[in-house]
Each structure stands twice: as structure tokens, then as C-alpha cells.
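Let's walk through this fold together, moving from a single loop to the sheet, the helices and the cores.

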Amino acid sequence: MFDKWFLQDIEKILSKRNQVIVIVEPTHIDLLKKLLNDKYKIFIVNNATEELDCKYNIEKFHQNIKTVIMTSIPKEALT
């Protein structure tokens, strides 16, 4: 049931915008990535450097593509 709720939430957000950030425990990233089943472009962000790289890549190459960003960085620490 969780998988359906997760996918519904992602699809609802991406129906209104092109990017969504999912803050998740590091041990669950692979599971959630499998649930998305290559339906969206997925970025995994683990630190500030990867966050900047992710922002650059999305703006430069994936601006109009539905994108899911997964991170274990707390919301307060994201820029």
C-alpha cells in the first residue's frame, strides 16, 4: 500500500511542477528508486557538493523533464 501512496504523491506534485525533492533515510533510497521504475529522471544527493551539481544539471540539461531528487540531507540544511 505504501508504494501506491508514494507514487500517487509523487505524481500529484509532478503534475504541477517539474521537480520534487524527497527527503528519505539513506537505507530507503534504493527501495524508493525501484518504485519509481525509471519513470522520472532521478538524482541522488548526499552532500552540499552533489546538491549544487544536481541543481546545475537540472537547470542545464533537464529543465523540462519530470525530476525526482532524493536526499538524506535535512530540509533545514538544503540550499
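Is Asn37 buried or exposed? Asn37 is exposed, because its relative accessible area is 60%, where exposed means over 50%, buried means under 20% and partly exposed is in between (1.4 Å probe, protein chains only). Before going further, a word on the model: it is predicted, so local features need pLDDT of at least 70 and side-chain atom pairs count only at pLDDT 80 or more, while totals for chains, interfaces and linings use all residues. Residues are numbered from 1 along each chain as its sequence is written, and side-chain values use heavy atoms, with hydrogens and water left out.

Asn37 is found in the loop between α2 and β2. Helices (H or I, at least four residues) and strands (E, at least two) are DSSP runs, numbered from the N terminus. Although Asn37 is not a glycine, it has a positive phi of about 50°. Asp38 lies in the loop between α2 and β2 as well, and its phi, near 60°, is again a positive value in a residue other than glycine. With 72% relative accessibility, Asp38 counts as exposed.

Now turn to the sheet. Three strands form an open sheet in the order β1-β3-β2, with parallel pairing; two strands pair if DSSP finds at least two bridges between them. Why is one side of β1 and of β2 left without a neighbour in the sheet? Both β1 (19-23) and β2 (41-45) stand at the edges and have a single partner strand each, so one side of each stays without a neighbour. From one strand to the next, the twist averages 20°. In general, strands of a sheet pair through backbone hydrogen bonds, either parallel or antiparallel.

The pairings can be followed residue by residue. Five bridges join β1 to β3 (residues 67-71), with Gln19 opposite Thr67 and Ile21 opposite Ile69. Five bridges also join β2 to β3, and there Val45 has Thr71 as its bridge partner.

Strand β3 is mostly covered, as five of its five residues are buried. Thr67, Ile69 and Thr71 are buried on one side, and Val68 and Met70 are buried on the other. Take Thr67 as an example: its relative accessibility is 0%, so it counts as buried. Leaving aside neighbours within four places in sequence, Thr67 is in contact (heavy atoms within 4.5 Å) with Leu14, Asn18, Gln19, Val20, Lys41, Phe43, Ile58 and His62. Thr67 and Leu14 are 53 residues apart in sequence, and their C-alpha atoms are 8.1 Å apart in space.

Next come the helices. Helix α1 (residues 2-14) lies across β1 and β3 and runs at about 145° to β1. Helix α3 (residues 48-61) lies across β1, β2 and β3, at about 160° to β2. For these angles, axes are lines fitted to C-alpha atoms, for helices over the stretch in contact, and the angles run from 0 to 180 degrees between N-to-C directions.

α1 also packs with helix α2 (residues 29-36), at an angle of about 70° and with the axes 10 Å apart. That makes α1 roughly perpendicular to α2, a label for angles of 65 to 115 degrees. Phe2, Asp3, Phe6, Leu7 and Ile10 of α1 make the contact with Leu32, Leu35 and Leu36 of α2.

Not counting residues up to four places away in sequence, Asn57 touches Phe43 and His62.

Finally, look inside. A nonpolar core is a set of buried Ala, Val, Leu, Ile, Met, Phe, Trp, Tyr and Cys residues joined through side-chain atoms within 4.5 Å. The largest has 13 residues, of which Ile10, Val22, Leu36, Val68 and Met70 touch the most other members. At least two residues of this core come from each of α1, β1, α2 and β3. Apart from it lies another core, of six residues, including Phe43, Val45, Ile58 and Ile73.

How values were computed
Angles under 35 degrees count as roughly parallel, over 145 as roughly antiparallel, 65 to 115 as roughly perpendicular and the rest as oblique.
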